[in-house]
Amino acid sequence: MRIAWIGKKSPFCGNVTYSREITNALLDRGHQVSFLHFAQEESQADNWPNFQEVSLPFIYKSQVYTIPTFKATKVLTQSLREIKPDIVHASLTLSTLDFVLPEICEELNVPLIATFHTPFAGKGAKLISGTQLLAYQLYAPFLDHYDRVIVFSQIQRELLARMGVREEKIAVIPNGVDTAKYSPGSSQIKAEFGAERLFVYQGRIAPEKNLESMLRAWKQSDMGTDSKLLMVGDGPLKSSLETFYGAEYGIHWLGFIADENRRIEILRGVDVFILPSLVEGLSLSLLEGMSCGVACLATDVGADGEVLEKGAGVVISTSSVRSQLRTLLPLFQDHPELTTLLGQKARKRVLERYTLNDNITQLEELYSQVLAQRPLTLSWGV
């Protein structure tokens, strides 16, 4: 199958990891993949597959959204004419191109699938005002013109349906992780930081991640010199938070780590993974930690609470992150048998529900289903 994948290669975020892992896996299964993304001059993240690439011009891009140039639509359309894909799959980048894609693909008579990553607050909660709410309200009318929209949980499916996207257009395919690569194993990370107990946060250093609540809880819990907290990632709040929560409290800011093997070594060596977000989709970082056998604490937002339900981790409320962590952090510090058990359950949950292999199988089935519903005559030969 010839697949034209539209996504991101930088700056690093969950969308980037998703595109890299899925396209690698599709190539491994014998599909032809072309990758269309907004051009980037700096060095790219590691482990990208060797495929045909098309650079789309842009004015600005960040981890959250992208502003393409006026020329980008023309470049995209012409590139699709040359690639002649059987299917187009857009891992939506929150750009204006997302809104014209249905029209372009309809003109070219090629089916179009979207993966909609935008985070949300969670079951029974209102969307946070601002970027997330605006994105859902803005995208819903356009998503209904895609052949299928992939989301990560039933909760997200219901949310989009309430906003007017037809339910038959929405497919639930959870994120998946490579469980052979992200697996329990040896690590020297504790020796490197001189720690007996090691905790980690991995992700953007941004307001929606609710990091100050976690950092205050850590500081107030008086964790002692043998316990350390590693902060892996970059973002707009890094410099300000690092000023107040530094090494004197056992907190080490490692910044963005491009080397995947280094990130895996960290996950294999830590005892607890913490994700205190106010909104999420389905965190790949959380799944990676679970797959490495790490005990996980996460808020009940997006699909993360669903991932950890029934004992695969500890789910905390966004309304009381600091007070809950002040209780849980010392508990997890003093009871290694508890974190070991939770880590084993986390790994088991990923193997049961969230493997990359299952994700790709479901994706292939969705492609076949969409193609079977399309007219047999395509316009590429004209």
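The lining of the largest pocket divides into 18 nonpolar, 16 polar and 9 charged residues, where Ala, Val, Leu, Ile, Met, Phe, Trp, Tyr, Cys and Pro count as nonpolar, Asp, Glu, Lys and Arg as charged, and the others, Gly among them, as polar. The model is predicted, so local features need pLDDT of at least 70 and side-chain atom pairs pLDDT 80 or more, while totals for chains, interfaces and linings use all residues. Residues are numbered from 1 along each chain as its sequence is written, and side-chain values use heavy atoms, with hydrogens and water left out.

This largest pocket has a volume of about 990 Å³. Of its 43 lining residues, Cys 13, Gly 14, Asn 15, Arg 204 and Lys 209 are the closest to the centre. A pocket here is an open set of points on a 1 Å grid over the protein atoms alone where a 1.4 Å probe fits, with protein on both sides within 12 Å along at least five of seven lines; lining residues have an atom within 4 Å of a point. Helix α1 (14-28), α4 (131-143) and α10 (284-291) each supply at least two residues of this lining, and α1 gives the largest share, 5 residues.

Let's follow α4 onward. The second largest pocket holds about 230 Å³ of space, and of the 13 residues that line this pocket, Tyr 65, Leu 94, Ser 95, Leu 138 and Tyr 139 are the closest to its centre. Two or more lining residues come from each of β5 (66-68) and α4, with α4 giving the most, 5 residues. This lining has 9 nonpolar, 4 polar and no charged residues.

Now for the charged pairs: the whole structure has 20 salt bridges, each a side-chain nitrogen of Lys or Arg within 4 Å of a carboxyl oxygen of Asp or Glu. In one of them, the closest N and O atoms of Glu 212 and Arg 216 are 3.8 Å apart. These two residues are separated by about one helical turn because they lie 4 residues apart in helix α7 (residues 211-220). Helix α9 (residues 260-269) has Arg 262 and Glu 265 3 residues apart, and their side chains meet in a salt bridge at 3.2 Å, N to O.

A further salt bridge joins Glu 309 to Arg 353, at 3.5 Å between the closest N and O atoms. This pair links distant parts of the chain, 44 residues apart: Glu 309 is in the loop between α11 (304-308) and β15 (314-316), and Arg 353 is in helix α13 (residues 336-353).

Key. Grid points are joined across faces, edges and corners, and a volume is the space filled by probe spheres set on the points.
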